[in-house]
Amino acid sequence: MTGRGGFARAAAIGLAAALLTACLPDARPPSPTPSPSPSAARPRFELSTYQYGLQTKGKIRVAVRDASPPLSSRAASGRYEGLEPDIARAIAKAIWGAADDPETHIEWISVDASTRVSALTSAQADISLAALAATDDLRKTIDVTDTYLKTGQRLLVRRTNDQITDLASISTGEQTVCAIRGSSWAEELRRATSDRVKILELETLDFCVQALGTGAADAVTADEVVLLGIVQKDPAVKLVVKAFTDQRLVIGVKKDASGDRYGFVKFLNETLLKIVTDRTWAGL
């Protein structure tokens, strides 16, 4: 006969499995056996692994964006805030242990949509946590982890705008949609509208929002979670159009062409799996 304790354990395991399925669909399901409490001691790695090299060096270089809340932003104090920097801190703890302050081991590399991949290929960063959407083209250039967040692309308009309600509204060429130059958002929008949309490409999302405010653009396109961060701060704008893409955000790593990053992607996937199953991800 199952007691209350057994029922509670079974419920907890079911919740962890549900979170895993929603957030990391490519990862293996967690073991039903409760894992021991994490040790504050420094983890041990095989000498040949990339994470051992990072641990020995004492630093991990993380490419992040400065102005893309709620995923990533840089506060006036200089501290990076948001889901992606917090995932980076969890990775640092997995390398150096929970007893160490992760900030002492992270070298933040500021990137934007045009440099978040090149920061890896030029060996300026060890990982890129900058809203990289997993695509076949991306996998040809760099190695990627399992998904850490699923999202979709939508449109942001002024709250008084009742003309843009669906993709057909912007497919006439009479409306201008702003997207970050070099991002996948512009290309995805062209694909969704059969290239019948007028796109204004600017360097940053802030510039796009400014263009929206001045009337130079009628809408801004980006991932839903990014646009939600803007809506939370600005009551003069709103989200429209159902998500027309299925984007899975992943951590980028330079390709392990010569074995110099042996075991690193596997380690990152295991770390993502752990922060989902122990509820750290939900807290972030």
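Biologist: Which residue stands opposite Val177 in strand 11?

Modeller: Ala219 does. Keep in mind that this is a predicted model.

Biologist: How many bridges join strand 9 to strand 11, and do they run parallel or antiparallel?

Modeller: There are two bridges, and the strands run parallel. Strand 9 covers residues 176-180.

Biologist: In what order do the five strands of the open sheet come?

Modeller: The order is 10-9-11-8-12, with mixed pairing. Strand 10 (198-202) and strand 12 are at the edges; each has a single partner strand, so one side of each has no neighbour in the sheet. From one strand to the next, the twist averages 35°.

Biologist: Which strands does helix 6 touch?

Modeller: Helix 6, residues 184-192, packs on the sheet and touches strand 8, strand 9, strand 10 and strand 11. Its direction makes about 175° with that of strand 10.

Biologist: And helix 8, which residues are buried there?

Modeller: Val225, Val226, Leu227, Gly229 and Ile230 are buried in helix 8, which spans residues 224-233. The buried residues of helix 8 pack against several elements, including helix 7 (205-214) and strand 11 (219-223).

Biologist: Changing topic. Which residues touch the most other members of the largest nonpolar core?

Modeller: Ile60 and Ile127, in a core of 52 residues. Helix 3 (residues 83-96) gives the most to this core, eight residues. A second, separate core has 15 residues, among them Ile164, Val177, Ala219 and Val241.

Biologist: Why do cores like that turn up?

Modeller: In soluble globular proteins, nonpolar side chains tend to be buried together.

Biologist: What is Ile127 in contact with, leaving aside its neighbours within four places in sequence?

Modeller: Its contacts include Ile60, Ile91, Leu120, Phe264 and Leu268.

Biologist: Is Phe264 buried or exposed?

Modeller: Phe264 is buried, with a relative accessible area of 0%. Phe267 is buried too, at 6%. The two form a stacked aromatic pair, 6.3 Å centre to centre with 15° between the planes. Both lie in helix 9 (residues 264-277), three residues apart, about one turn of the helix. Together with Phe45 and Tyr50, Phe264 and Phe267 form one aromatic cluster.

Biologist: How many aromatic pairs does the structure hold?

Modeller: Four. One of them is Tyr80 with Trp108, whose ring centres are 5.2 Å apart and whose planes are at 40°, so the pair is tilted. Both residues are buried.

Biologist: Where do Tyr80 and Trp108 lie?

Modeller: Tyr80 is in strand 4 (residues 80-81) and Trp108 is in strand 5 (residues 106-111), so the pair ties together parts 28 residues apart in sequence.

Conventions
Residues are numbered from 1 along each chain as its sequence is written. This is a predicted model: local features need pLDDT of at least 70, side-chain atom pairs count only at pLDDT 80 or more; totals for chains, interfaces and linings use all residues. Side-chain values use heavy atoms; hydrogens and water are left out. A nonpolar core is a set of buried Ala, Val, Leu, Ile, Met, Phe, Trp, Tyr and Cys residues joined through side-chain atoms within 4.5 Å. Buried means under 20% relative accessible area, exposed over 50%, partly exposed in between (1.4 Å probe, protein chains only). Helices (H or I, at least four residues) and strands (E, at least two) are DSSP runs, numbered from the N terminus. Contact means heavy atoms within 4.5 Å. Two strands pair if DSSP finds at least two bridges between them. Axes are lines fitted to C-alpha atoms, for helices over the stretch in contact, and angles run from 0 to 180 degrees between N-to-C directions. Rings of Phe, Tyr and Trp (its six-membered ring) pair if their centres lie within 6.5 Å; planes under 30 degrees apart count as stacked, over 60 as edge-to-face and the rest as tilted.
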